[in-house]
Amino acid sequence: MRIFRTRSPCRERFPREVSMVDGLALWKQLLQVQEPWVVQACRADEFNRSMTVWIGVEAPRSWFGLGRPRVVEGGAEASWRHTGFGGWRVQVHVRVPAGSEMPRYPWAGEAGMPFTRALDRQILSLLNEGVGMNGVCSILDLPMTELWRYRYALDRGRHAVNGAGPVSGSEPAPLPTAAASRVPDLDDPVWQRLMDGTLPLDVRVLGLQLLLSRTRSQVAMIADEEVRRMKLRDLHRYFVKNERMLVHELRQLLPEAA
């Protein structure tokens, strides 16, 4: 009698170095999935260098640990792009049991958003450092359409990132200024006043007029402090880059600085 064994979906077309390892246990460790959440399945696409991982809830075993674990069925499924591993793109699908809330782990994201919290923090860190949208897409291998959807939600206060928890090294270093620069430091309270409109400023440069108008309208809808900090950095960076043509505006700003 011949015995046929089904191939594990996570082993299909997966690199030989990993095929000797239990794929489900590997991705549970890589993603740091904790009970009652479990990695239920994974599928590799070696041609496109992408991995899809499914995560769900497993019902607890009996008191004596007997019987096979039972996966909790039902509920909605959400999907997010996660941080890559070794040049592989990772997509996470999470099945949330009916009546339960979306998990708050780094491998999950907010409802309606394209990225997990871990990838969310990477993106925000790059944006804070002044990397443009094209640069972020290139560095993290992201589709521009998804990044624009993410940025749109940030700018309109529809998405917050504080729920992702702290990530080591995610706070960008202050933007360096030239030794002879007269632009106040980023931490000077004058930038907060300028951003929220409590500091009146006679602006002659059209680019700054547009930036202030857009920033103030966006900040009025944003409650998340980290996103507001990103907007403040954008404003400060504009002054640093265009200091020579902002002489009139800096003459008004400097007396107000601490």
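Leaving aside its neighbours within four places in sequence, with which residues is Arg-49 in contact? In this predicted model, the contacts of Arg-49 beyond that range are with Gly-86, Gly-87, Trp-88 and Arg-89. The chain has 258 residues, of which 41% count as buried, and its secondary structure comes to nine helices and five strands. The average pLDDT of the chain is 78, and 77% of the residues score at least 70.

**Overall architecture**

- Among the contacts in the chain with a separation of 6 or more, 58% are made by residues 24 or more positions apart.

**Confidence along the chain**

- Strand β5, covering residues 88-96, has the highest mean pLDDT among the elements of the chain, at 92, whereas helix α1, covering residues 16-19, has the lowest, at 45.
- Over residues 1-21 the pLDDT stays under 50, and for this stretch the model has 28 contacts beyond four places in sequence.
- Residues 62-66 also have a pLDDT that stays under 50, and for them the model has one contact beyond four places in sequence.

- Although Arg-49 and Arg-89 are 40 residues apart along the chain, their C-alpha atoms are separated by 6.4 Å.

**Backbone geometry**

- Most residues other than glycine have a negative phi, and most peptide bonds are trans.
- The peptide bond from Glu-35 to Pro-36 is cis, with omega near 5°, and Pro-36 is found in the loop between α2 (23-31) and β1.
- Gln-32, which is found in the loop between α2 and β1, has a positive phi of about 60° although it is not a glycine.
- Gln-32 counts as exposed because its relative accessibility is 57%, which is over the 50% limit.
- Asp-141, in the loop between α4 (133-140) and α5, is a residue other than glycine with a positive phi, near 55°, and at 40% relative accessibility Asp-141 counts as partly exposed.

**Buried charged residues in the helices**

- Asp-155 is found in helix α5, which covers residues 144-155, and it counts as buried because its relative accessibility is 9%, under the 20% limit.
- The side chains of Asp-155 and Lys-231 are joined by a polar contact of 2.4 Å, and Lys-231 is listed with Gln-218, Met-221 and Ile-222 as the residues in contact with Asp-155 once its neighbours within four places in sequence are left aside.
- Arg-233 is found in helix α8, and with a relative accessible area of 5% it is buried.

**The largest pocket**

- The largest pocket holds about 500 Å³ of space, and of the 20 residues that line it, the closest to its centre are Arg-151, Leu-211, Arg-214, Asp-234 and Arg-237.
- The elements that give two or more residues to this lining are α5, α7 (206-219) and α8 (225-241), and α8 gives the most, with five residues.
- By residue class, the lining of the largest pocket divides into eight charged, seven nonpolar and five polar residues.

Conventions: Residues are numbered from 1 along each chain as its sequence is written. This is a predicted model: local features need pLDDT of at least 70, side-chain atom pairs count only at pLDDT 80 or more; totals for chains, interfaces and linings use all residues. Side-chain values use heavy atoms; hydrogens and water are left out. Helices (H or I, at least four residues) and strands (E, at least two) are DSSP runs, numbered from the N terminus. Buried means under 20% relative accessible area, exposed over 50%, partly exposed in between (1.4 Å probe, protein chains only). A polar contact is a pair of N or O atoms within 3.5 Å; within protein, one must be able to donate a hydrogen and the other to accept it, and residues adjacent in sequence count only if both atoms are side-chain atoms. Contact means heavy atoms within 4.5 Å. pLDDT is the predictor's confidence in each residue, from 0 to 100. On a 1 Å grid over the protein atoms alone, a cavity is a set of points where a 1.4 Å probe fits but cannot get out, and a pocket is an open set with protein on both sides within 12 Å along at least five of seven lines; lining residues have an atom within 4 Å of a point. Grid points are joined across faces, edges and corners, and a volume is the space filled by probe spheres set on the points. Ala, Val, Leu, Ile, Met, Phe, Trp, Tyr, Cys and Pro count as nonpolar, Asp, Glu, Lys and Arg as charged, and the others, Gly among them, as polar.
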